Amino acid sequence: QTVAADSPRFRWFSLHGVWCAWWRRPSVPHEAAWYELHASGDGIGRVKEKMTAIPTRHDAHVATWVRHHARHLSRNAINKGYEPQALHEYSSTDGNPTHWRIRLKHPETGDKWICPMMRAGAGFVLKEPKFENGKPLYALDRLNYQPHAKVWFVEGEQKADALAKLGLLATTAGGANTDDHADFSPLAGRTVTIWPDNDKPGIEH
């Protein structure tokens, strides 16, 4: 996989005279890895071997900070018995977060509480950014870094994440009723397998 040397995912350093880099993998949120790089004659770095995989303190701190705000903004639903299920991060093609989707579920009724969250100044609000060309697909950075890979299109971020853990490239527009406002251009020219939920809304989706 080729990534620009000035990518924000890279952090260069020298370890005993060997150039190495910190690289955050887009397929695994909040995980980072150290790689040993050897520069070739044309100046292009070649990954020799993975040295170790560690979550960085910065990423862990940011993740905790985002989760704190998500819980605070959804406190009314939590007080009604809803329990946090997941916090899904949407990003631009380069991996920078654009917004999040908070997912709660009531353990007794099974009702879901799903709401978008975005940055607003120094804090967050329950709102979604405006996108001129339609809402971005989930895991957009994964799609960008694997332009020729087969894609699984599912209903919901949880399914996309589950397939990602199995090593598959998956995305979603969010839910069964969000396709009309999504930007599907990242899937143009690609082989896509559609995997619907096994219910009436899923089949319609």
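Rings of Phe, Tyr and Trp (for Trp, the six-membered ring) pair if their centres lie within 6.5 Å; planes under 30 degrees apart count as stacked, over 60 as edge-to-face, and the rest as tilted. Trp-65, Trp-100 and Phe-124 form one aromatic cluster by this rule.

This is a predicted model, in which local features need pLDDT of at least 70, side-chain atom pairs count only at pLDDT 80 or more, and totals for chains, interfaces and linings use all residues. Residues are numbered from 1 along each chain as its sequence is written, and side-chain values use heavy atoms, with hydrogens and water left out.

**The aromatic cluster**

Five aromatic pairs turn up in a search of the whole structure. Take Trp-100 and Phe-124: their ring centres are 5.5 Å apart and their planes stand at 70 degrees, so the pair is edge-to-face. The pair links distant parts of the chain, 24 residues apart. Trp-100 belongs to strand S6 (residues 97-105) and Phe-124 to strand S8 (residues 123-125). Helices (H or I, at least four residues) and strands (E, at least two) are DSSP runs, numbered from the N terminus.

Trp-100 has 6% relative accessibility, so it counts as buried. Phe-124 is buried too, at 9%.

Arg-119 lies over the face of Phe-124, 5.3 Å from the ring centre. For such a charge, NZ of Lys or CZ of Arg must be within 6 Å of the ring centre and within 35 degrees of the ring normal. Arg-119 also stands opposite Phe-124 in the strand pairing.

**Strand pairings**

Two strands pair if DSSP finds at least two bridges between them.

| Strands | Direction | Bridges |
|---|---|---|
| S6 and S7 (residues 112-120) | antiparallel | six |
| S7 and S8 | antiparallel | three |
| S9 (residues 151-154) and S11 | parallel | four |

S6 and S7 form a hairpin with six residues between them. Gly-110 in its turn has a positive phi of about 80 degrees. Lys-105 has Lys-112 in S7 as its bridge partner. The hairpin of S7 and S8 has two residues between the strands, and there Gly-121 takes a positive phi near 65 degrees.

A further sheet is open, with three strands in the order S10-S9-S11 and parallel pairing. Its edge strands are S10 (170-171) and S11 (192-195), each pairing on one side only. Phe-153 stands opposite Ile-194 in S11.

**Helix H4 on the sheet**

Helix H4 (residues 157-165) packs on this sheet and touches S9, S10 and S11. Contact means heavy atoms within 4.5 Å. The direction of H4 makes about 150 degrees with that of S9. Axes are lines fitted to C-alpha atoms, for helices over the stretch in contact, and angles run from 0 to 180 degrees between N-to-C directions.

Which residues of H4 are buried? They are Glu-157, Ala-160, Asp-161, Leu-163 and Ala-164. These residues cover an arc of only 160 degrees around the axis, so they are on the same side of H4. The arc is that of the directions from the helix axis to the C-beta atoms. The buried residues of H4 pack against strand S5 (83-91), S6, helix H3 (140-145), S9, S10 and S11. After H4 comes Gly-167, with a positive phi near 90 degrees.

**Helix H5**

Glu-204 is found in helix H5 (residues 200-204). With 57% relative accessible area, Glu-204 is exposed.

Technical notes
Buried means under 20% relative accessible area, exposed over 50%, partly exposed in between (1.4 Å probe, protein chains only).
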